[in-house]
Amino acid sequence: LQGIFVLGLPYALLHSGYSGLLLIVLAAALCCYSGKILIACLYEENEDGQLIRVRDTYEDIANACCKKVSPSLGGVVVNVTQVVELIMTCILYLVASGNLLSHSFPYVPVTEKTWSVIAFVTLLPCIFIRTLKIVSKLSQLCSLVHFVIIFVVITYCLTQLHQWSWAKFRLSLEFEDFLVSVGVIIFSYTSQIFLPTLEGNMKNPGEFRCMLNWTHFFACILKTTFALTAFLTWGEKTKEVITDNLPSFLETLVNLCLLTKALLSYPLPFFAATEIVYSCVSKDNHSNYRSPLLALTVRGSFLLLTLLMAMFTPHFALLMGLSGSVTGAAMTFLLPSLFHLKLKWKKLSFLEKCADISVFILGFLCSLAGIVCSIKGLLEVFG
């Protein structure tokens with residue numbers, strides 16, 4: 001999903017102009033901050049003033065915040081939100097795979113949905129993924145493919161250096177187009193769902209904040225460079241997905257790389273979603289949780305669900321935008337800031353409280369804007 005959003009950044013600059021460059025930097029800072037405060041909610045000080053990890057998951061944080069109302073209400077809400085977002089992400093990968101295959105092989109008499117089924121077949125081994133180690137190796141390959149895509153596009157843009165002109169940047173903005181750009185830019189950084197598990201599996205969790213700083217810094221540099229060079233190359237002709245601007249031979253190459261990236265990206269949200277379900281089942285019946293048959297059944301059901309929704313859900317992109325505006329903003333900005341304020345209120349400085357409140361307000365506005373734009377699009381489609 002990260003790759004798909006990144007390929008839309010030049011188009012976002014087309015509609016946001018100079019403010020888009022500022023937004024890329026600001027979004028990196030905000031998402032890095034919300035990730036830090038989310039992880040901070042996993043820890044509490046002991047009698048000696050040392051930080052001890054007393055919670056393991058996003059669900060544990062939510063339950064700690066809502067324990068006076070209901071011991072498990074917060075966890076249920078968070079788990080449902082996470083699973084919905086993860087499943088929608090998996091479906092998006094399947095839809096994108098079918099689209100990329102149909103564009104890469106336009107002369108093959110096969111429909112886009114059939115291509116999605118073919119892509120689905122290659123994902124069947126996901127049923128047998130049992131550890132995060134396998135997922136991490138696939139994610140490493142995914143990152144490598146991602147850099148290849150960025151390198152190819154930037155290299156081509158540099159060959160067109162003579163066409164560049166800063167006059168292509170817009171100063172006047174249309175509010176609705178600007179909101180779309182905000183959504184694309186902000187949600188190209190989101191990863192909060194995976195952070196508690198990631199931090200818990202680090203050899204040295206004390207390096208987490210440093211890791212988060214450097215990864216967001218380099219992501220910001222890379223995305224700014226990519227978006228800027230691509231937009232300066234094509235200007236007003238910049239298309240929604242920048243690969244459509246490339247010459248045909250490069251477009252096919254990049255589309256196949258994107259297909260590889262989409263298929264390699266699928267296991268991470270798929271594994272995360274099934275693990276959430278397993279953790280819920282294990283609380284009620286620990287023996288069944290370890291049952292290989294149950295594991296295969298849950299994974300197989302999730303795989304089949306993503307295929308069926310990719311095949312038969314009309315206007316999935318608009319529905320993805322609607323659900324993403326709710327779940328994405330909630331998991332990235334709204335909940336981390338609320339939980340941090342709730343659990344750490346007495347220990348936070350005035351500036352830290354202001355920062356958390358500002359992140360919450362920004363997340364709420366982004367969510368509201370995305371919901372309005374998505375509903376408007378759905379109303380237009382359905383007449």
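Leaving aside its neighbours within four places in sequence, with which residues is Thr229 in contact? In this predicted model, those residues are Ile154, Cys157 and Trp164.

Thr229 lies in helix α10. Its relative accessibility is 8%, and because buried means under 20%, Thr229 counts as buried. The side chain of Thr229 also reaches the backbone oxygen of Phe226, at 3.1 Å.

Two helix pairs are described next. Two packed helices are described by the angle between their axes and the distance between the axes.

| Helix pair | Axes come within | Crossing angle |
|---|---|---|
| α2 (residues 9-16) and α10 (residues 208-234) | 8 Å | roughly 70 degrees |
| α7 (residues 132-159) and α11 (residues 248-265) | 9 Å | roughly 160 degrees |

The axes of α2 and α10 cross at roughly 70 degrees, which makes α2 roughly perpendicular to α10. The crossing of α2 past α10 is right-handed. On the α2 side, the contact is made by Leu9, Pro10, Leu13 and Leu14, and on the α10 side by Lys223, Phe226, Ala227, Leu228, Ala230 and Phe231. By class, this contact has nine nonpolar residues, no polar residues and one charged residue.

For α7 and α11, the axes cross at roughly 160 degrees, and the two helices are therefore roughly antiparallel to each other. The crossing of α7 past α11 is left-handed. From α7, Leu138, Leu141, Cys142, Val145, His146, Val148, Ile149, Val152 and Tyr156 take part in the contact, and from α11, Leu250, Val254, Cys257, Leu258, Thr260, Lys261, Leu264 and Ser265. The residues of this contact divide into 13 nonpolar, three polar and one charged.

Key: Residues are numbered from 1 along each chain as its sequence is written. This is a predicted model: local features need pLDDT of at least 70, side-chain atom pairs count only at pLDDT 80 or more; totals for chains, interfaces and linings use all residues. Side-chain values use heavy atoms; hydrogens and water are left out. Axes are lines fitted to C-alpha atoms, for helices over the stretch in contact, and angles run from 0 to 180 degrees between N-to-C directions. Helices (H or I, at least four residues) and strands (E, at least two) are DSSP runs, numbered from the N terminus. Angles under 35 degrees count as roughly parallel, over 145 as roughly antiparallel, 65 to 115 as roughly perpendicular and the rest as oblique. A crossing is left-handed if the near helix is turned anticlockwise from the far one by less than a right angle, and right-handed if clockwise. Contact means heavy atoms within 4.5 Å. Ala, Val, Leu, Ile, Met, Phe, Trp, Tyr, Cys and Pro count as nonpolar, Asp, Glu, Lys and Arg as charged, and the others, Gly among them, as polar. Buried means under 20% relative accessible area, exposed over 50%, partly exposed in between (1.4 Å probe, protein chains only). A polar contact is a pair of N or O atoms within 3.5 Å; within protein, one must be able to donate a hydrogen and the other to accept it, and residues adjacent in sequence count only if both atoms are side-chain atoms.
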